[in-house]
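Let's go through this model together, one question at a time. Please have a look at the structure first.

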Amino acid sequence: MPSRFRDRHEAGQRLADKLAAYAKRPDVVVLALPRGGVPVAYEVARALQAPLDVFLVRKLGVPGYEELAMGAVATGGVRVLNDEVVKGLRIPDYVIDAVAAWEQQELARRERLYRGDRPPPDVRGRTVILVDDGLATGATMHAAIAALRRQQPARIVVAVPTAPPETCEALRAEVDDVICAITPEPFQSVGLWYDDFSQTTDDEVRELLARAARAARAA
C-alpha cells in the first residue's frame, strides 16, 4: 500500500525528489494549478530553485453532479470537453455554454486576484513543470496542457503526488514527461491519500506566490 502524504507541502517535497533532474536549470519554470496545486508546487519550485507561477484552469461540473467533470476551461480561452460524459448524459450545448461562462468568470477573477498587474510568465522555448495536488480523471490537466501548447514551450512535464495509474498513462501521450509520485489502486479520490486535505485558500495562494517571488529576487 503506497504511503499517504501528511499534507500538500510534504507531498510537494516528496514529489520534488522525483524531479531532481530538473533542478537548477535556467530553462525550467514551475506552474501550479490553483488552488490545491500551489502548496505542492511551492515546495517543488523551492527544491528545484525554479520560478513559480500559476496556470488557471476550472473544471466544468455536470449540473447537479458537480464533482463529475464534463470538461474544463483554461487561460487563453481553451475549452476541453469529456465527450464520453457529454454524450453519455446527453448534455445539451446550452448547458455546457452556461457552465463554461460561469467558470470563465471565476477564472478571470482568480487571474486578477493571484497575479494582479503582473504579466503571466513567458514560457516560449522553456521547460514547464505543471503541478497539481493530484489527478482523478485528469480533465483539468488536459485543459491546462492544451492551453499551454499554444504558448510554445520546449517541453511540458506533468508532476503530481498521486493519481490512478491509467490517468498517468493517458497523459504520457500528450506531454514529454509524467511524474506521479504514487499511483495507488484502487484510487477512489485524491483526498484519500492525504492526512490533511483541507481547502487551500486564496490568501494562502497569494502568500506562497509572494514568498516564492521574494526568494527569487534574493537569489
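Q: Is phenylalanine 197 buried, partly exposed or exposed?
A: Some ground rules first: this is a predicted model in which local features need pLDDT of at least 70, side-chain atom pairs count only at pLDDT 80 or more, and totals for chains, interfaces and linings use all residues. Residues are numbered from 1 along each chain as its sequence is written, and side-chain values use heavy atoms, with hydrogens and water left out. Buried means under 20% relative accessible area and exposed over 50%, with partly exposed in between (1.4 Å probe, protein chains only). Phenylalanine 197 has a relative accessibility of 33%, so the class is partly exposed.

Q: Which charged residue lies over the face of phenylalanine 197?
A: A charge sits over a ring if NZ of Lys or CZ of Arg is within 6 Å of the ring centre and within 35 degrees of the ring normal. Here the distance from the ring centre is 4.3 Å, and the residue over phenylalanine 197 is arginine 8.

Q: Which residues do ring pairs link into a cluster?
A: Rings of Phe, Tyr and Trp (its six-membered ring) pair if their centres lie within 6.5 Å; planes under 30 degrees apart count as stacked, over 60 as edge-to-face and the rest as tilted. By this rule there are 2 aromatic pairs. Phenylalanine 5 and tyrosine 194 are 5.4 Å apart at their ring centres with planes at 45 degrees, so they make a tilted pair, while tyrosine 194 and phenylalanine 197 are also tilted, at 5.1 Å and 35 degrees. The linked residues are Phe5, Tyr194 and Phe197.

Q: How many residues apart in sequence are the parts tied together by phenylalanine 5 and tyrosine 194?
A: Helices (H or I, at least four residues) and strands (E, at least two) are DSSP runs, numbered from the N terminus. Phenylalanine 5 and tyrosine 194 are both buried. Because phenylalanine 5 lies in the segment before H1 and tyrosine 194 in the loop between E8 and H7, the separation in sequence is 189 residues.

Q: Where is the cis peptide bond that involves glutamate 185?
A: Most peptide bonds are trans. This one is cis, with omega near -5 degrees. Proline 186 is in the loop between strand E8 (177-182) and helix H7 (202-218). The bond runs from glutamate 185 to proline 186.

Q: What is the phi of glutamine 188?
A: Glutamine 188 sits in the loop between E8 and H7. Its relative accessible area is 68%, so glutamine 188 is exposed. Although glutamine 188 is not a glycine, its phi is positive, at about 70 degrees.
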